[in-house]
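Please open the model in your viewer and keep the selection tool at hand.

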Amino acid sequence: MTITAPFDNTYARLPDAFFTRQMPAPARAPALIAYNAPLGALLGFSEADDAERAAVFSGTALPEGAAPLAQLYAGHQFGNYNPQLGDGRALLLGEVVGTDGLRRDIQLKGSGPTPYSRMGDGRAWLGPVLREYVVSEAMHALGIPTTRALAATLTGEDVIRETVLPGAVLTRVAASHLRVGTFQVFAHRGQTASLRQLTDYAIERHFPDAGGPMDLLRAVCDAQARLIAAWMSVGFIHGVMNTDNCTISGETIDYGPCAFMDEYHSDTVFSSIDQTRRYAYSNQPRIAVWNMAQFATSLLQQMDDPEAAVEEATAIVHAMPQQIEAAWLHRFGAKIGLADPVPEDGQLIQTLLDLMQAQGADFTNTFDALARGDARDQFVDRDAYDAWAADWQTRLMSEQAPEAVMQAASPRIIPRNHRIEEMITAAVAGDYAPFERLSSALADPFGTDDTGLMRPPTQAQRVPATFCGT
């Protein structure tokens, strides 16, 4: 039986300058690790058995209606422009319109080499596939815009990284895979007609009310501002905020060296390749603005009145820090029980964060405890906490239901680094029980009672660095 889905591949109908048509490389012995059945049903995929799903989601067989291609894009990587990147280990199978009426991309990650592979093998190994599956689905459960995981499959083939590792493929779902870098490649090449066509396509697909390039810039800045505030509110550090990892849709994409903080520190970095701390936790708002400046620069290449457009684009980008600050205040205000925080509440929030940093308090557990009335135990200097709490309680006197507001804003569980590493180690050895346990608990991050997964790492369990790539 052939797996079917309601494919309607608009990107594949664009000119060939946007992509290279490419078939995935068949897997030697595909085997299904996980299938996200609710997401599959939402997307309209037909029923199938595990063997059929393994074949399709490993790239060994194509579902009816797919039109696989590798997308072209460029990007600034750690501030340095690379004029051509593209899907080096991924293929867009196509787009489906789900039962909710929304259009989404279906992409295979690890499906073999493409013309953009730059001497790579185009494959992925099991660890990053499971990391992205777990973390992206956790982000979705947290209510944060993100790509999602539809399936994970083994290929039955080894890949060589620092050692021999089991090969795997992730099936990723996204509102689209349009990135800032998709615009940059055409702007940098001076291909104005392609840039205009891409702009029109992005507007029609994501922001149909936008009246032109500057309206598109304004909408993407707004989406990115809200996304960054959401990341900050759960202690998430993307780790590689290059412009090729910055979506037009405002979704989180590419979970390479990402991590969630354990103890709070504003300058936390996990990415092993971020030697300059460019993408540290506290730098994420600034980098988002920088990325939007690059997006604006690309959009300007097509404008008929460049001088007026520069002025308008500059005003839009310069307004973004205030947008992020407002979204941050809303998110963190809720974490201390304020349904409608005002700017003056920012100091109360910052004082708590400073106290947490000075005492090494766990980010997630402190806010969870705050919502449940026992945060004092998260601090070594309890007198210092008591002084802050007195001001906080005074502020809460005008709130109607602060406990409910806090509990809806502060998860009990996050995908902690040491648990992710334990899961990967077990899976490489053939044990998927930790993967299943994590996936189950993270599906209900605000209500889980798995206290073992809620605990911070011991000193011996700490994971100081995360790594990029598949």
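Select glycine 65 to begin: with a relative accessibility of 45%, glycine 65 counts as partly exposed, where buried means under 20% relative accessible area, exposed over 50%, and partly exposed in between, computed with a 1.4 Å probe and protein chains only. What you are viewing is a predicted model, in which local features need pLDDT of at least 70 and side-chain atom pairs count only at pLDDT 80 or more, while totals for chains, interfaces and linings use all residues. Residues are numbered from 1 along each chain as its sequence is written, and side-chain values use heavy atoms, with hydrogens and water left out.

Glycine 65 sits in the loop between α2 (50-57) and β3 (69-71); helices (H or I, at least four residues) and strands (E, at least two) are DSSP runs, numbered from the N terminus. Show the surroundings of glycine 65 next, and you will find that Phe7 and Asn9 are touched by this glycine, leaving aside residues up to four places away in sequence, where a contact means heavy atoms within 4.5 Å.

Move on to phenylalanine 78, in the loop between β4 (75-77) and β5 (80-82). Phenylalanine 78 has a positive phi of about 50 degrees although it is not a glycine, and with a relative accessible area of 23% it is partly exposed.

Then select arginine 118, which is placed in the loop between β7 (103-109) and β8 (124-125). Arginine 118, not a glycine, has a positive phi of about 50 degrees, and its relative accessibility of 53% makes it count as exposed.

Now zoom out to the whole protein, which has 16 helices and twelve strands. Its radius of gyration, taken over C-alpha atoms, is 22 Å, close to the 23 Å that the globule rule (2.2 Å times the number of residues to the power 0.38) gives for 470 residues, so the protein is as compact as a globular protein of that length. Along the principal axes, the C-alpha atoms fill a box of roughly 65 × 60 × 40 Å. Of the 470 residues, 59% count as buried, and among contacts between residues at least 6 apart in sequence, 72% join residues at least 24 apart.

Where is empty space left inside? Rolling a probe the size of a water molecule over the atoms shows this. A cavity is a set of points, on a 1 Å grid over the protein atoms alone, where a 1.4 Å probe fits but cannot get out, and lining residues have an atom within 4 Å of a point. Grid points are joined across faces, edges and corners, and a volume is the space filled by probe spheres set on the points. By this rule there are two cavities of 30 Å³ or more.

Select Gln224, Trp231, Met241, Asn245 and Cys246, which lie nearest the centre of the largest cavity among its 14 lining residues. This largest cavity has a volume of about 70 Å³, and helix α6 (residues 213-233) gives the largest share of its lining, four residues.

For the last stop, select Ser233, Val234, Lys335, Phe363, Thr364 and Pro411, which line the second largest cavity. About 30 Å³ of space lies in this second largest cavity.

Notes:
1 Å grid on protein atoms, 1.4 Å probe; cavity = no way out; pocket = protein on both sides within 12 Å on 5 of 7 lines; lining within 4 Å.
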